Structures are given as C-alpha cells and as structure tokens.
Amino acid sequence: MLHVGIIGASGYTGVELARILAGHPEIRLTAATSRQYAGKALAEVFPNLRKRVDIVCENLSVEELLDRADFFFAAVPHKTAMDIVPRLLDAGKKVVDLSADYRLHDAATYEAWYQPHSSPHLLAEAVYGLPELYRDRIRTARLTANPGCYPTSVILALAPLLRHGLIDPATLIIDSKSGTSGAGRAASVGTLFCEVTDGFKPYKVGGSHRHIPEIEQELSLAAGQPVTVSFTPHLLPISRGILSTIYATLTEQGRDADLHALYESTYDAEPFVRVLPAGTPPATQHVRGSNCCDLALQKDSRTGRLIVMSAIDNIVKGASGQAVQNMNLMNGFPETTGLLGAPFFP
Ligand SMILES: NC(=O)C1=CN([C@@H]2O[C@H](COP(=O)(O)OP(=O)(O)OC[C@H]3O[C@@H](n4cnc5c(N)ncnc54)[C@H](OP(=O)(O)O)[C@@H]3O)[C@@H](O)[C@H]2O)C=CC1
Ligand SMILES: CC(=O)N[C@@H](CCC(=O)OP(=O)(O)O)C(=O)O
C-alpha cells in the first residue's frame with residue numbers, strides 16, 4: 001500500500017482527491033492538511049465523504065509530513081507550493097503538484113506571470129503532467145506538474161492539429177468557459193451566488209490570464225515553432241465543468257485532411273479522451289464527475305476555419321483526476337485505477 005498525503009485537503013481539489021482516492025485499492029490516505037480545519041475530520045468538513053474517508057485534518061509542517069507518507073499531492077495555491085515541494089523531494093518523496101509553480105519550463109516566463117521563483121532549478125526536472133502527451137516521462141518523474149484546468153481542455157483539443165501542420169498557428173482564438181469551482185473554495189466576492197448565478201461573463205480579457213504562457217508553451221512544443229494565442233476565459237453559473245470553443249484557420253493540408261479520422265486514431269487508445277461523432281458537440285453535463293475529456297471538430301468550409309470543442313470537469317480531468325492518473329503512472333499502478341467511474345448525468 002502506498003501511503004499518500006494531501007497537502008491542502010480542505011480545498012476543492014483536495015476534497016476531490018480524497019473522494020477519488022477513497023475508491024483506490026493501491027493507496028492509503030495517511031495525511032490530510034488544513035490550517036483552518038485542523039482537528040476536524042475531513043468528512044465533517046465535507047459530509048459527502050462520510051463513511052468513505054476516515055482521516056482528520058492536521059496543520060502539519062513539511063518536516064512533520066515526512067514520516068506520514070511516501071507520496072504527496074500538493075493542492076495549495078500557486079506561489080505557496082514552491083515553499084513545500086522542494087523539501088518533500090529532498091526527503092526522497094514523490095510529488096504531484098496541482099499548482100502552477102512547476103508547469104512552466106522557463107523561470108523568466110514564470111516570474112513575468114507570477115512572482116520570483118525560489119526553486120527554479122526544479123523547472124527543468126518537473127514533467128508537465130498531461131499523460132496523453134508525456135506518459136513515459138511521467139512514469140519516471142519525481143515531480144509532476146499537474147496542468148491547469150483550461151490548458152488541459154485546450155492542449156488536448158489542439159495538439160494533434162499543430163503536430164501535423166493542419167491549422168495556421170498564428171490564428172488561434174480560444175474561448176473557454178469555466179464553472180466557479182475553478183476559482184477554489186476561498187471566499188471571494190466574485191464567486192458569491194448573486195455575482196455568478198443567472199448570468200455569464202468574460203474575465204481577464206485581452207491576454208492577461210496566467211494560463212496563456214502555459215498554453216503557449218505546450219502548443220509551441222506540439223507545433224515545433226512559437227505559437228501565440230488569443231485566450232478569453234468566462235465564468236459560468238455552474239459548479240463544475242469547462243467548455244472550450246477554439247477557432248483556427250485551416251492550412252491547405254488541413255482543408256483536405258480527414259481530421260475526424262486523425263483524432264480517432266490519435267486518441268483511440270486513450271482511456272479518458274473521447275472523440276465524439278461528427279455533428280455531436282460536447283457538453284459539460286456529459287463529463288461531470290469523470291476524468292473524461294470529450295472532443296469534437298467541425299470544419300466551416302465557408303470561412304476556411306476549423307472549430308474544435310472540448311469539455312472536461314475542471315476538478316477531475318482539469319485537476320484531481322489527472323493528478324491521480326499521474327500518481328498511478330509514477331508508481332507503476334494501472335493508469336486508470338480509481339478513475340473509471342462514468343460521468344454523473346443528469
Ligand atoms: N479548482 C480547480 O478547478 C483547479 C485548481 N487547481 C490548482 O490546485 C490548487 C488548489 O486549488 P483549489 O483546491 O481550487 O484551492 P482552494 O482555495 O479551494 O484550496 C486551497 C487549499 O490549500 C490550503 N492552503 C491555502 N493556503 C495555504 C498555505 N499558505 N499553506 C498551506 N496550505 C494552504 C487551504 O487550506 P487551509 O487554508 O485550511 O490551510 C486549502 O486546503 C491551486 O494551486 C489551484 O490553482 C488546478 C486546476 C483546477
Ligand atoms: C473560474 C476560475 O477562476 N478559474 C481559475 C483557474 C483555475 C485553475 O485551474 O488554475 P490553476 O491550476 O492554474 O490555478 C482562474 O481563472 O484563475
């Protein structure tokens with residue numbers, strides 16, 4: 001049994017990790033940290049976990065955590081994980097970090113979008129935790145940087161097209177919509193019921209969202225040339241789900257290609273990526289609660305553009321489910337262990 005700790009167990013990704021791990025036969029949850037709920041059972045904080053998760057939240061220092069588990073999920077805010085992760089690695093632990101702190105390979109880019117990095121030497125070692133792209137490297141990683149939720153939905157949608165030169169990489173327009181759990185559980189005016197319900201709005205318009213460098217890093221690697229994108233996130237009045245609608249101009253080769261067949265062959269063996277039949281758009285309701293990413297493509301022959309659509313559950317494939325997928329790979333467990341539950345519907 002692998003002994004596992006969740007650092008930041010009282011956040012939305014933390015509780016989702018605990019929920020998924022409750023059905024995982026190869027692990028035992030031996031530590032769950034929270035400062036504000038220290039001393040309370042996690043199942044008292046989150047009643048959905050009653051009779052499924054039997055652990056008490058503790059406010060443990062990194063040093064105290066070392067004796068408690070061999071594998072850790074860091075589910076704390078970005079800019080905070082970098083204070084914790086290096087000390088876990090130094091003690092020989094393996095880590096999946098759900099924050100953005102180790103996702104960017106270039107320290108200057110991280111520092112331009114976040115803050116000075118206190119362990120830039122780990123950026124070269126950390127593996128970007130998108131199994132569909134980096135499975136073999138994740139298997140041997142000590143530190144996996146779990147992707148952001150929007151980047152997961154976008155990169156899975158675009159990588160095959162860029163790899164094969166089927167769209168013009170200078171023409172990418174990404175319109176993504178997220179449920180409010182993407183903003184985390186900490187109280188903020190922007191996610192109050194009255195601010196979100198019965199409405200729909202963009203935010204961080206004009207290239208200021210911090211997922212842009214992460215999306216551009218991975219799309220550039222897929223294209224083999226620098227890619228810049230227009231990315232506009234929107235806040236949906238739902239709790240879970242991301243739907244990305246992406247527009248790109250087809251190259252001549254792309255106009256003639258059978259893109260649906262390309263996607264089917266690219267993702268055929270992937271347990272969590274589902275390419276939908278032509279004419280069937282994806283929906284957040286059809287991936288909710290699951291580690292699935294649903295993809296669909298539609299050529300618009302009138303404009304010469306392609307429309308790619310992608311739906312995930314932001315807390316599962318966009319965070320905790322993907323993190324467990326990475327843990328499975330890093331520990332030699334079957335990759336799908338604990339993750340094969342079908343989406344909830346309705
Ligand atoms: N929500 C989502 O859809 C996604 C989130 N992520 C990333 O995952 C990470 C966690 O996100 P999420 O669960 O939504 O966030 P929440 O705000 O819901 O939870 C954050 C957790 O971290 C703990 N925490 C906060 N500050 C500190 C600190 N300084 N030291 C130690 N613990 C701290 C909190 O507990 P307490 O205050 O009690 O200690 C809480 O358990 C973030 O980096 C986020 O960017 C990634 C993809 C998607
Ligand atoms: C709706 C909402 O607020 N979403 C968050 C993204 C959450 C996420 O996945 O981002 P990180 O993992 O990089 O923190 C945002 O726009 O900042």
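The exercises below work through a predicted model, each with a task and a stepwise solution.

Residues are numbered from 1 along each chain as its sequence is written, while chains are lettered from A and ligands numbered from 1 in the order in which they are written. Because the model is predicted, local features need pLDDT of at least 70 and side-chain atom pairs count only at pLDDT 80 or more, whereas totals for chains, interfaces and linings use all residues.

**Exercise 1. The two domains**

Task: Find how the protein is divided, and describe how the parts touch.

Solution. Begin with the division, which gives domain 1 (2-125) and domain 2 (150-314); these bounds come from an automatic or database domain assignment. Next take the centres of the two domains over C-alpha atoms, which are separated by 27 Å. Then turn to the contact, where nine residues of domain 1 meet seven residues of domain 2, two residues being in contact if their C-beta atoms, placed from the backbone, lie within 7 Å. On the side of domain 1 that touches domain 2 there are five nonpolar residues, three polar and one charged. In this division Ala, Val, Leu, Ile, Met, Phe, Trp, Tyr, Cys and Pro count as nonpolar, Asp, Glu, Lys and Arg as charged, and the others, Gly among them, as polar.

**Exercise 2. The surroundings of ligand 1**

Task: Work out which residues and elements surround ligand 1, and why ligand 1 lies between the domains.

Solution. The shell around ligand 1 holds 29 residues, of which the closest are Gly8, Gly11, Ser99, Gly184 and Arg185; a residue counts as near a molecule or strand if its C-beta atom, placed from the backbone, lies within 6 Å of it. Helices (H or I, at least four residues) and strands (E, at least two) are DSSP runs, numbered from the N terminus. The largest share, three residues, comes from α1. By kind, the shell has eleven nonpolar residues, 16 polar and two charged. Finally, because domain 1 and domain 2 both give residues to the shell, ligand 1 lies between them.

**Exercise 3. The surroundings of ligand 2**

Task: List the residues around ligand 2 and sort them by kind.

Solution. The residues that surround ligand 2 are His78, Ala100, Gly148, Cys149, Ser178, Thr180, Gly182, Ala183, Pro233 and Leu235. When sorted, this shell has five nonpolar residues, five polar and no charged.

**Exercise 4. Two helix pairs that involve α12**

Task: Describe how α12 packs with α1 and with α7.

Solution. Start with α1 and α12, whose axes come within 9 Å and cross at roughly 45 degrees. Axes are lines fitted to C-alpha atoms, for helices over the stretch in contact, and angles run from 0 to 180 degrees between N-to-C directions. The two helices are therefore oblique to each other, since angles under 35 degrees count as roughly parallel, over 145 as roughly antiparallel, 65 to 115 as roughly perpendicular and the rest as oblique. In this pair, Thr13, Glu16, Leu17, Ile20 and Leu21 of α1 meet Val316, Ala319, Ser320, Gly321, Ala323 and Val324 of α12, and the contact divides into seven nonpolar residues, three polar and one charged.

For α7 and α12, the axes are 8 Å apart and the angle is about 100 degrees, which makes α7 roughly perpendicular to α12. Here Cys149, Thr152 and Ser153 of α7 meet Lys317, Gly318, Ala319 and Gln322 of α12; two of these residues are nonpolar, four polar and one charged.

**Exercise 5. The pair α7 and α9**

Task: Describe how α7 and α9 are oriented and which residues join them.

Solution. Helix α7 (residues 149-163) packs on helix α9 (residues 212-223) at an angle of about 20 degrees, with the axes 8 Å apart, and the two are therefore roughly parallel. From α7 the contact takes Pro151, Val154, Ile155, Leu158, Ala159, Leu162 and Arg163, and from α9 it takes Glu214, Ile215, Glu218, Leu219, Ala222 and Ala223. Ten of the contact residues are nonpolar, none polar and three charged.
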